[in-house]
Amino acid sequence: MEMLSQLWSLLGLLTVLQNVLPSQLLSLLHSLYQSLQDMLCPYSYFDVPEFNGYCGVHLNDLYRHVNLYINSLVNVNVNVTSNPSSSSFNARLTLSRSNSSNRISFTVAPNHSVSDSFSGHILSWTHHVDTVQDSLDEKRSFVLKLPKRHRHALLHPYLHHLTARAEEFERVSRERRLFTNNGHASYDSGWVSVPFRHPSTFDTLALEPQLKSQLTGDLKAFANGKDFYHRVGRAWKRGYFLYGPPGSGKSSLIAAMANYLCYDVYDLELTKVSDNSELRALLIQTTNRSIVVIEDIDCSLDLTADRQQLRLSMNTKSTRSKARLRSRQQKQEDEDCDEQNAGRVTLSGLLNFTDGLWSCCGEERIIIFTTNHRDNVDPALLRCGRMDVHVNLGNCGPHAFRAMAKNYLGLDSHPLFEAVDRCVRLGGALTPAQVGEILLRNRGDTDVAMKDVVSAMQARINLDGGGGGGQDQLAELYSSCDDQTVMMMRATSSPESVLVGVGGGSPENWVSSSPPGSGRKKKAAEGDQCQRMKMKFLVRLRSLTKSDSGRRGVCLTCPNS
């Protein structure tokens, strides 16, 4: 009781002193107490407020990195991602998730701590949340506690490690977006976006293994080449030029690259861009770690018109006698050309977009051009420094087909794989889109799917061989396969019917109901089928007639011999 009474007396004395002593003296006493406490305490404390400055209007980037770093130490099951023994998560955590994302975010609950280890030392982070007096706002900060004796050796390396870990976690875990230009780049933002959730990856792509390894190695070297690009004095960007027939997988490759690098995708529609200034403004508004895509570059704009006008202007100066007249006409044409170029995107503007001074306004950016016809693209767009890597995406090769068969049908081996390989070597290869449609349509029966693929490849050989040559190639194909494979190939439907089925059986030609007027369409379809049956019958009859006439000729010549 005596100690309790003395404690109450001390508290009463402190209350009287607080009311009697001036506030300046009380603040000085508090500072002395804090200094004495810091001197005797074996730990050092560092505050990381949410906002910088006295007014607190600028967001502290280090606070965001600390929050990301704590997220990186915890996964969905509240387990440490890198080293289970490096951190302790006995403290309370706060879970959150935004409306547009499926990822769960973790942070330390207010006024709770979480410990971490670095270089054999134990550190801890405490999340302080204080309510501002006479306001509903909250003042948030993280407090780092580390051993005072090693603070100079630990602080800067640890913060560097924290920042690198936080940036990598943000790159991998953040929700990727797919942007497209809305035609209003002069306003706050010329881009609109949706979540990018394309499922394509390099594991599902129909690519040959060598090409796949080359692409992944080049992308990995680019993503990790920040120091290299800065050391050699080059902008941290890279250009990829994808060309090939329709259905060869150009768009799927772009999606796989975005998923592999965890980059946003900016799909630039040049027909919506009014002039070069708007094109430059769109480039400035793109973020780091992004892929800028211009699909069908040869069809988006007539970029070769500038060079044609230049050639015409050079041809108009061929003779001296008409120099004055032509100079007046040329001056008028130049004025008209300037007025025309002022209202459209020119080749010069696109070149500056890919490789000019404004192209280095961001870092870690990839620019991709695609086309179905490489010869239609201006060579100035394809030189090194603009399009660094040229990727030819053609028909489906043997290894790519095996990858598709594994993905679609779950097949590791099949007797018809050998026939597919030989069809590919004889020129019967199909595009990945064609193969994928056949496998998708017959995914319930692997044998039927493989037979249809072989039949479609045989039909391709017949078409490309022009009849006789195609038959010779098919004969070579049959002779190079074993008996079991040949029997399975001959058991398939005719190559012509499979080729018709590839187009006629496509989803866009399926009819789920009988709308008004479908009777006429049905009769027309029956008429076409009847016509095809007649043609087949006539062809068969002609072949039988030739064989009979050959036998009759042999019989007639026998007596005379």
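Helix H3 (residues 61-72) packs against helix H4 (residues 151-173) at an angle of about 70°, and their axes are 8 Å apart. Because an angle of 65 to 115 degrees counts as roughly perpendicular, H3 is described as roughly perpendicular to H4. The model is a predicted one, and its chain holds 20 helices and 16 strands.

**The contact of H3 with H4**

- On the H3 side, the contact is made by Leu62, Arg64, His65, Val66, Leu68, Tyr69, Asn71 and Ser72.
- On the H4 side, these residues meet Tyr158, His161, Leu162, Thr163, Arg165, Ala166, Glu167, Phe169 and Glu170.
- Sorted by class, the residues of the contact of H3 with H4 comprise eight nonpolar, five polar and four charged.

**The contact of H5 with H7**

- Helix H5 (residues 209-223) and helix H7 (residues 250-261) pack at an angle of about 45°, with 11 Å between their axes, and H5 is therefore oblique to H7.
- The crossing that H5 makes with H7 is right-handed.
- From H5, the residues Leu215, Thr216, Leu219, Lys220 and Ala223 take part, and they meet Leu253, Met257, Tyr260 and Leu261 of H7.
- The residues of the contact of H5 with H7 divide into seven nonpolar, one polar and one charged.

- Just after H14 comes Gly427, which takes a positive phi of about 95°.

**The loop between H12 and E15**

- Glu364 is placed in the loop between helix H12 (347-355) and strand E15 (365-371), and its phi is near 55°, a positive value in a residue other than glycine.
- With a relative accessible area of 6%, Glu364 is buried, since buried means under 20% relative accessible area.
- Ser359 also lies in the loop between H12 and E15, and with a relative accessible area of 5% it is buried.
- Leaving aside residues up to four places away in sequence, Ser359 touches Lys237, Leu283, Asn352, Phe353, Thr354 and Arg365.

**The loop between E7 and E8**

- Ser119 lies in the loop between strand E7 (112-118) and strand E8 (121-131), and its phi, near 55°, is a positive value in a residue other than glycine.
- Ser119 counts as exposed, because its relative accessibility is 56% and exposed means over 50%.

**The chain as a whole**

- Of the 561 residues of the chain, 36% count as buried.
- Among the contacts in the chain with a separation of 6 or more, 68% are accounted for by residues 24 or more positions apart.
- The chain exposes about 34,000 Å², of which carbon and sulfur atoms supply 54%.

Definitions and conventions
Residues are numbered from 1 along each chain as its sequence is written. This is a predicted model: local features need pLDDT of at least 70, side-chain atom pairs count only at pLDDT 80 or more; totals for chains, interfaces and linings use all residues. Side-chain values use heavy atoms; hydrogens and water are left out. Axes are lines fitted to C-alpha atoms, for helices over the stretch in contact, and angles run from 0 to 180 degrees between N-to-C directions. Helices (H or I, at least four residues) and strands (E, at least two) are DSSP runs, numbered from the N terminus. Angles under 35 degrees count as roughly parallel, over 145 as roughly antiparallel, 65 to 115 as roughly perpendicular and the rest as oblique. A crossing is left-handed if the near helix is turned anticlockwise from the far one by less than a right angle, and right-handed if clockwise. Contact means heavy atoms within 4.5 Å. Ala, Val, Leu, Ile, Met, Phe, Trp, Tyr, Cys and Pro count as nonpolar, Asp, Glu, Lys and Arg as charged, and the others, Gly among them, as polar. Buried means under 20% relative accessible area, exposed over 50%, partly exposed in between (1.4 Å probe, protein chains only). Accessible areas come from the Shrake-Rupley method with a 1.4 Å probe; for residues, only the protein chains shown count as cover.
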